[in-house]
Amino acid sequence: MNSNTLIAKDIQAGYGQKNILQSVNIHIPENKISVILGSNGSGKSTMLKTFCRLMTPTAGLITLDGTPLSQIKSKDIAKSIGLLPQTSIAPEGIKVAELVSRGRYPHRQFMTGLNKDDYKAIEEAMEAMKITELADRSIDELSGGQRQRVFIALALAQETDILFLDEPTTYLDIAYQIEILDLLKELNKKRGTTIVMVLHDINLSTKYADYLFAMKDGTLIKQGTPSEIITEDTIRKIYGIDSVIIRDPISDSPFVIPVSAHDNYLS
Amino acid sequence: MKNNNLFEGVKSRRKKYILSLVVLWLIVLILFCLNMTIGEKNYSPLQVINTLTGHSSEGAYLINKLRLPRSLAAVFSGIAFGVAGNVFQTLLRNPLASPDIIGVSSGSTAAAVYCILFLNMNRSLVSVVAVIAGVLTSVLIYKIAYIHSFSANRLILVGIGTQALFTAFISWMIMSASEYDVPTAMRWMNGNLNGIVTDSLPLLIVVVISCLLAIICLRHQMVSLPLGDSYATILGIHVNLVRTVLIVLSVILIAFATAITGPIASIAFLSGPIAKRICGHNQANILSSALVGAILVLAGDFVGQHLLYTRFPVGVITGLLGGPYLIYVLVKQNKGGQL
Ligand SMILES: Nc1ncnc2c1ncn2[C@@H]1O[C@H](COP(=O)(O)OP(=O)(O)O)[C@@H](O)[C@H]1O
Ligand SMILES: [Mg+2]
């Protein structure tokens with residue numbers, strides 16, 4: 001549990017000629033839950049992809065425990081950094097248990113089958129996502145929410161120290177959203193897994209995150225604890241909307257109420 | 001504990017796969033025996049074994065020099081086409097993909113036909129040229145598909161274009177060649193097991209077994225590729241390297257098999273889907289598609305030689321299977337509401 005200091009220095013990345021990330025500096029808070037906020041197209045997914053070596057930065061450096069990512073063996077990175085991408089392909093005909101077992105690839109030996117550790121990790125991941133009942137179903141027969149939980153289980157089975165999740169709750173109803181965020185919180189508490197996720201619900205973000213990053217146009221405009229950075233001003237900067245901020249009566253975290261044009265509300 | 005049987009399904013699917021492999025293997029064995037025993041003159045299996053082991057000289061020429069090379073060529077070319085087809089379908093995430101897409105077989109065939117019709121080369125030299133031409137064609141197509149980054153769609157488009165071009169070129173060569181040479185060239189057009197010489201077999205067998213073993217070593221990587229390049233990378237797989245190695249191995253398989261038997265139609269295209277149908281989608285299906293490939297070629301040759309009013313090359317028989325399968329896929333995809 002020591003390979004989890006992930007630092008990006010002045011990284012730039014983009015698609016073809018188009019530069020998206022403009023000189024981003026981030027030190028991912030170790031053993032904490034961080035949430036990245038930002039409007040659509042602000043570069044959140046691009047940043048996660050760059051951290052997970054799906055994109056190579058055109059400038060700058062990302063280091064894991066002080067070693068540049070490019071100098072670490074891919075399989076070793078895969079033992080430390082996991083990602084739930086924003087979209088996943090469900091391969092035809094494959095059963096849920098086998099799909100989750102794909103997450104064990106970085107831990108597997110060259111010619112052997114799944115061993116005891118593998119089975120344990122798969123079982124824990126499937127139990128955590130409450131999909132043990134689906135073990136023998138084909139992935140392409142599942143609902144969007146069920147699929148999402150299967151793919152999160154795949155990422156959990158990888159047993160990484162750092163886990164990135166790009167909009168993990170997007171297809172889920174509120175009950176599953178809370179359930180999954182609770183499970184991730186538990187994972188963070190029990191194993192100290194560093195979790196970084198993109199969420200669109202600000203109020204769930206402030207409730208679960210230890211730390212928030214706000215992105216706009218490929219740059220990091222704010223970072224800090226929810227109470228530090230969630231202000232009416234920040235919300236306006238990120239999303240361009242007016243809002244009123246109160247306290248969540250349960251968790252005492254900031255609670256954002258957006259102002260609609262029909263509200264006749266003058267701030 | 002309530003999850004004692006969480007992995008029951010996984011284990012039973014694994015068992016079922018191994019059982020299917022055994023059954024497929026038995027079918028290969030039976031078809032092999034049929035091809036060895038039945039023909040112009042029928043021999044008992046015992047007689048065949050006696051002749052093969054040199055304890056008897058009864059039918060020695062027919063069994064040792066004609067049927068054995070023919071049946072071995074059927075098995076190993078079937079394995080080559082079957083495995084390579086399955087690898088391509090996995091890589092391109094498309095059930096209709098086949099290595100023909102990358103131009104190996106059309107490149108080999110065009111070169112072979114050219115050598116036969118215009119250069120009057122002998123058979124072994126033609127095979128060498130065919131292998132080289134097949135490999136070169138696929139390298140060219142792969143390079144084009146890889147211009148900026150790998151694109152399966154570009155590969156398929158360029159591949160189909162190249163194939164059409166070669167087919168036109170082959171037709172033109174046949175039209176302008178002397179009638180006398182055309183039958184020899186035609187055997188290249190639709191895979192054929194006639195006149196396989198024993199000399200060419202050891203190389204084919206060694207190449208097929210080595211490539212097969214190498215592909216089996218990559219099975220853990222292969223099963224993650226259908227999740228997409230992103231997932232495979234996150235899991236620590238060197239996607240581009242694995243893909244290139246798999247394509248090179250398949251191209252070698254196809255090139256060598258084509259050089260000896262010609263392009264036996266539909267095997268590469270059908271073996272993977274049939275293997276998946278029988279064994280499910282949970283493993284890489286390397287061995288199962290190999291065995292299905294061998295079965296299709298052995299059975300196709302048996303039908304073409306013995307069951308019809310006149311003898312047909314194996315490629316004609318297997319080619320007949322391709323059409324109905326395409327229609328089946330189209331109907332199935334239409335029902336699924338996607339195309
Ligand atoms: N594959 C791609 N090719 C080209 N441009 C892309 C690609 N993916 C994203 N972009 C562009 O990069 C910018 C940032 O996208 P993204 O990181 O996905 O935003 P977010 O996740 O914050 O919604 C957007 O302007 C988007 O249009
Ligand atoms: Mg995104």
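Axes here are lines fitted to C-alpha atoms, for helices over the stretch in contact, and angles run from 0 to 180 degrees between N-to-C directions. Helices (H or I, at least four residues) and strands (E, at least two) are DSSP runs, numbered from the N terminus. This is a predicted model, in which local features need pLDDT of at least 70 and side-chain atom pairs count only at pLDDT 80 or more, while totals for chains, interfaces and linings use all residues. Residues are numbered from 1 along each chain as its sequence is written, chains are lettered from A and ligands numbered from 1 in the order in which they are written, and side-chain values use heavy atoms, with hydrogens and water left out.

**Two helices of chain B**

The axes of helix 3 (residues 60-92) and helix 12 (residues 267-279) of chain B come within 7 Å and cross at roughly 70 degrees. Helix 3 and helix 12 of chain B are therefore roughly perpendicular to each other (angles of 65 to 115 degrees count as such; under 35 is roughly parallel, over 145 roughly antiparallel and the rest oblique). The table gives the residues that meet, contact being heavy atoms within 4.5 Å.

| Element of chain B | Residues in the contact |
|---|---|
| Helix 3 | G78(B), F81(B), G82(B), G85(B), N86(B), Q89(B) |
| Helix 12 | I267(B), A268(B), F269(B), S271(B), G272(B), P273(B), K276(B) |

By class, this contact has five nonpolar, seven polar and one charged residues. Ala, Val, Leu, Ile, Met, Phe, Trp, Tyr, Cys and Pro count as nonpolar, Asp, Glu, Lys and Arg as charged, and the others, Gly among them, as polar.

**The interface of chain A and chain B**

Between chain A and chain B, 40 residues of chain A are in contact with 30 residues of chain B. The two chains bury about 3,100 Å² between them, 61% of it on carbon and sulfur atoms; buried area is the accessible area (1.4 Å probe) that two parts lose on being put together, summed over both. In chain A, R102(A), Y105(A) and Y119(A) lose the most area to chain B, together 21% of what that side buries.

The rule finds two salt bridges across this interface, each a side-chain nitrogen of Lys or Arg within 4 Å of a carboxyl oxygen of Asp or Glu. D136(A) forms a salt bridge with R13(B), and the closest N and O atoms are 3.0 Å apart.

**K95(A)**

K95(A) lies in the loop between strand 6 and helix 3 of chain A. Leaving aside neighbours within four places in sequence, K95(A) is in contact with A135(A), D136(A), R137(A), S138(A), R13(B) and N282(B).
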